[in-house]
Amino acid sequence: MEITEIQVEGYEKVARCRDQESGLHALIAIHNTALGPALGGMRMWPYASEDEALFDVLRLSKGMTYKSAVAETGLGGGKSVIIGDPKKHKSEALFRAMGRFVDSLEGRYITAEDMNIGIPDLEIVRQETKWVTGLRREEGSSGNPSPYTAQGCLIGMRAVMEEISGSKDFTGSHVVVQGVGAVGGALAILLKEAGAKVTICDINEDRVRELAEQHGFGVTTDADHLSIECDIYAPCARGAGINDETIPKLKCKAVAGCANNQLLEPRHAEALRERGIVYAPDYVLNAGGIINVSVELLPGGYDEAVAMERIGRIYDNLKLVFEISREQGIPTNEAAEHLAEQRLEEAAKRNA
Ligand code: NAD
């Protein structure tokens, strides 16, 4: 196994691992550990080149620094990527080698699930390193993060409701949820329980039918969902859905959902602002999962009550973001960045 370092400005450490025996070709990026060890998921993707993988791991690890800084998880930002086809190249030897790679960083990077990596893969990684989170609850870990992401979204959406209506009460409001998978489905149920009228859409028609029958949701199609008049539009499927083409169609007062990277480009937050639409920055709103995972690393180990108390702070963080946005006349994505940078600077001063 050969581990080499790649020098990248602005990053604490970027490492490459090549292992002939298992075929592992992977990168780990530690962006910033001013607030604590760098936690971020492990992704497996058939990248066309190492450069493409490097671009992804750098972007994602930096995103984790900002997400954790705003969420105050006491963690820094990192990420790992395995270059390979998840359908063809997964093996015990590969994940064991990846475990040794993670272990070589001695806890400065802590891994978790991400795209194409599930609990069975991480259980193999765990045999080589203790720096793994998000395993099964029965094993003392924090388990599936999705229900906590959904809870955090609901809590954050109360700050959004206050912003658009002056009240955090959902009674009589209308929310359109695009994508009713692990998080969006749970969020739709929570919103309905909180008194909102909920309309759902998903490319999985069976899932939509089943949920609508069980919970009395309204149903729309993916083609029509953007132009439905509503209070909150909640993108909970894929990223990049907020763009030049979709923004003019929106008839909502706010965009607030769990999907990662909702804005195609940062400038689309300003475009929403110009239309008078409140935007809840995705990584502030969807931090419930990472907050839940971070509780595993506390001295007493995982405790759901502690996790829920911390997830409750998503509301306060969004209030702060909206306040900074208003005071400085900047879009909310920039306000969230300011908040993250402010927390990082404070930590850097404390650590100096
Ligand atoms: P998921 O795969 O369980 O659900 C996604 C759903 O979106 C699926 O039902 C899928 O059919 C649907 N979908 C895909 N493309 C669609 C489209 N064009 N139109 C309508 N529906 C579409 O995923 P998830 O875990 O619920 O995550 C959803 C989003 O939230 C992702 O962007 C993810 O990165 C983000 N996120 C998830 C978590 C978590 O804890 N799971 C945490 C933070 C962010």
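**The shell around the ligand**

Author: Sorted by class, the residues that form the shell around the ligand comprise eight nonpolar, eight polar and three charged ones. The model is a predicted one, and the account below should be read accordingly. There are 19 residues around the ligand, and those that come nearest are Thr149, Ala182, Val183, Asp202 and Asn260.

In the side chain of Ser146, an N or O atom is 3.1 Å from a nitrogen atom of the ligand. The side chain of Gln178 likewise has an N or O atom 3.3 Å from a nitrogen atom of the ligand. For Ala237 the backbone is concerned: one of its N or O atoms lies 3.1 Å from an oxygen atom of the ligand.

As to surface, the ligand taken alone exposes 830 Å², and the protein buries 72% of that area. Two elements, α4 (146-165) and α5 (182-193), are those that give two or more residues to the shell around the ligand.

The axes of helix α1 (residues 50-71) and helix α12 (residues 332-351) come within 8 Å and cross at roughly 80°, so α1 is roughly perpendicular to α12. On the side of α1, the contact is made by Thr65, Tyr66, Ala69 and Val70; α12 contributes Ala336, Glu337, Leu339, Ala340, Glu341, Arg343 and Leu344. The residues of this contact between α1 and α12 divide into seven nonpolar, one polar and three charged.

Technical notes. Residues numbered from 1 in each chain as written. Predicted model: local features only at pLDDT ≥ 70, side-chain atom pairs only at ≥ 80, totals over all residues. Heavy atoms only, no water. Axes fitted to C-alpha atoms, helices over the stretch in contact; angles between N-to-C directions. Helix = DSSP H or I, 4+ residues; strand = E, 2+ residues; numbered from the N terminus. Parallel < 35°, antiparallel > 145°, perpendicular 65-115°, else oblique. Contact = heavy atoms within 4.5 Å. Nonpolar A, V, L, I, M, F, W, Y, C, P; charged D, E, K, R; others polar. Near = heavy atom within 4 Å. Polar contact = N/O pair within 3.5 Å; in protein donor to acceptor, adjacent residues only side chain to side chain. Areas by Shrake-Rupley, 256 points an atom, 1.4 Å probe, with all protein chains shown as cover.
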